Amino acid sequence: MDMMDVDETSAPREGKPVLVILVGAPGSGKSTFGEDVMRSSTRHWVRVCQDTIGNGKAGTKAQCLSSATSALKEGKSVFIDRCNLVREQRSEFIQLGGGLQIDVHAVVLDLPAKLCISRSVKRTGHEGNLQGGRAAAVVNRMLQHKELPKLSEGFNRITFCQNENDVKNAINTYSSLGPLDSLPHGCFGQKNTDSKIQVGIMKFLKKAEVPLAAASTTSGTEDPTSQTPRNNSYFKNKETLSSISDNANLETKEVEGQEVGSADSHANQVCPDDIPTLAFPSISTSDFQFNLEKAADIIVEKVAEFSNKFRNARLVLVDLSHKSKILSLVKARIAEKNMDTQKFFTHVGDITHLYSRGGLRCNAIANAANWRLKPGGGGVNAAIFNAAGPELESATKDKVKSLSPGNAAVVPLSSSSPLFTREGVTHVIHVLGPNMNPQRPNYLNNDYNKGCKILEDAYTSLFDGFASIVRNQPGIPVGKSEKVERKSLELPVQSDCSARKYFTSTEQKSKRSDDHGSEKSKKCKGTLDGLGLAFTDSKDEKVDSEQRRTERSRSKAWGSWAQALHQIAMHPEKHKGDLLEISDDVVVLNDIYPKAQKHVLVLARTGGLDCLADVQKEQLQLLKKMHDVGVKWAEKFLTENASLVFRLGYHSVPSMRQLHLHVISQDFESTQLKNKKHWNSFNTAFFRDSVDVMDEVSSDGKATLKDDDKLLSMELRCHRCRSAHPNIPRLKSHISSCQSPFPAYLLQNGRLVHAPGEPRNSVQ
DNA sequence: GTTCTAGAAC
DNA sequence: GTTCTAGAAC
């Protein structure tokens, strides 16, 4: 504050402003945070507050953006003081900072909801006029939709504060950030679900060492006034590690105290941007003295090429220092070309500690190698060999002896390597670029025609190598392919069993087991082999009946996403871990998008039996078997929860190929039940009760289909009291409390399965 | 089947 | 302004 307005001419070139996006509910203390920092900071700060910017009227995001822009252009650092709880609300501000090539930080005031509410209820004269009783509801609603910021959104640094002490520390950090200082990049202070996932995996791997979700900002670990980023030394791994290991232990205990579910249960927690990631240093620009501008052009060009081919992967250019010239050159080009910063961004940090110190998960890292592929030298090469342990050297030797400029070699990391256990890195890709340093081998004597060509080749080889890792992650799992595929790539354990398999063994097929009963190995084998669906049609199904049926049925075209159940029915042994039961006739599995508390599928294994329309009298026994197995599972679930009620039936027109019986509890309590079609497919005549289907096939040789599209767009009615509701949320809130008995129709013929004596009012 | 998102409905 | 739906893309 005592700092005078710094105009552009007198502002030191290095003293760049910083854009800090405050994230937090009303009452979380955003304004106080800004004010506290401004009170004691030697920087010139501007607080851009949406509540006050409108001069009495409600402010807009656009006003905030323009006000922030002009302050930043004047060299002033800016706090964005609005809730910014969801990603989309933050994105334009991040772009703004990216365009101006300045650091963009998030400070997340993730304090207990109770505290935020009590503060906003109490306060009077709040700028946003949010006070009194209304505040509680608003805060609650906002918090329900909060999306914690991620580095991949484009932040350089994120500080999470979960209690007042964290807030105090963060205020200190920013208060003492002088005009010429900068703060280390990365995630700080987060103890969220990500760490739980990782801990779960590490437990499974039985690794003693549990990675930090991120280096904590708790007092002492961070010195904001330091000009050198804490994570700048490649050679102090051991010391730095032990200095934070106390924290790590504390955190381990804390997290382990919580319920750590199975890997499966985390599937829906996987964040959308947990995708295969390659971190790479700039090739040839340090020791090999390659021209930075030319290198930056090539990096951006090659990244763009890669991104066009691979949508489900991301690349991160990493360098140690904030002052890295190559990073800022590349950053400028990213902004210029408006590149997707989800898929490509820059990161300041140590490439051997991206996850443990920066919260950035990378499956693969690139090494700027020497031609002999030997450890030592210096810089990135020494650091990576050092961090990876002796295994990397031997694995590299096994793979390739030497590297000529412009080439890359993919080396899988042993699961005992600290890079694997601590950072989640499964592969190191060695790259050798062109050399413009007379002191080093293969000196090009400033021939940039050759040099550029070689550097381009080097990046092409690097990205191709990464692509081969991504591609060799086994294919498409049940239902939604991409999500699980991401999951499989995200977690070291899975890569351990799947991706690496590609490199270490070509004889996995001989291992296919036929002991359906054994479930012992399901954790790894199941999930991993389970992902290995190939969509080539199998030859071992009953070809004769297949042909007859395809002739007969009106050859419905099944999309690629509709094949998963068919694949499972044909090759259940490949999916053991995902299945509840396998017999000669049927397979039982949980619906991966359950529409109720309990929702399983009983899948027919007969080839060519795709839907109810394909069913004939010859399948009557099969239908009975499916029904019996379905009832058996319903009864099993009823022993766990007697209040459930089950209904068994088929969709008149299923979305997934391969005849399957739904066994679904009638609470319909599921976040996966999202739209009218979902509801109506289980609660109109479109849903064909199994008992009725069996009766009809028995008497007429075929089931009646109710495939009118109108059924799926019918008004929403409660399945118990038949009351109508305007939309899905209102319907769901109604059914969560509706106690009416089921309609008489459902109470007949055993259409519902419930525990003996339950529900009380369902007596026929 | 899901995801994404424009724009209708409130 | 926000919530919710519905259609397209995959």
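Which residue of β3 does L19 stand opposite? The model in which this is asked is predicted: local features need pLDDT of at least 70, side-chain atom pairs count only at pLDDT 80 or more, and totals for chains, interfaces and linings use all residues. Residues are numbered from 1 along each chain as its sequence is written, while chains are lettered from A and ligands numbered from 1 in the order in which they are written.

L19 faces V78 in β3. Strand β1 (residues 18-23) and strand β3 (residues 77-81) run parallel and are joined by 4 bridges; helices (H or I, at least four residues) and strands (E, at least two) are DSSP runs, numbered from the N terminus. Helix α1 (residues 30-40) packs on the sheet, where it touches β1, β2, β3 and β4 (103-109), and its direction makes about 165° with that of β2. Contact here requires C-beta atoms, placed from the backbone, within 7 Å, and angles run from 0 to 180 degrees between N-to-C directions, with axes as lines fitted to C-alpha atoms, for helices over the stretch in contact. Helix α4 also packs on the sheet, touching β1, β3 and β4, at about 170° to the direction of β1.

The open sheet has 6 strands in the order β2-β3-β1-β4-β5-β6, with parallel pairing (two strands pair if DSSP finds at least two bridges between them). Because β2 (45-49) and β6 (186-188) stand at the edges with a single partner strand each, one side of each is left without a neighbour in the sheet. Neighbouring strands are turned by 15° against each other on average, direction ignored.

Helix α4 (residues 87-99) also meets helix α3 (residues 61-73): their axes come within 11 Å and cross at roughly 20°. The two helices are therefore roughly parallel, a term for angles under 35 degrees. The contact is made by K61, L65, A68 and T69 of α3 and by E92, F93 and L96 of α4.

Another open sheet of 6 strands has the order β9-β8-β7-β10-β12-β11, and its pairing is mixed. Its edge strands, β9 (344-348) and β11 (407-412), each pair on one side only. The twist averages 25° from one strand to the next. β11 pairs with strand β12 (residues 427-432) in the antiparallel sense over 6 bridges, and A408 stands opposite V431 in β12. Helix α11 (residues 325-336) packs on this sheet, touching β8 (314-319) and β9, with its direction at about 155° to that of β9. Helix α14 (residues 390-399) touches β11 and β12, its direction making about 125° with that of β11.

Notes. Angles under 35 degrees count as roughly parallel, over 145 as roughly antiparallel, 65 to 115 as roughly perpendicular and the rest as oblique. Two residues are in contact if their C-beta atoms, placed from the backbone, lie within 7 Å.
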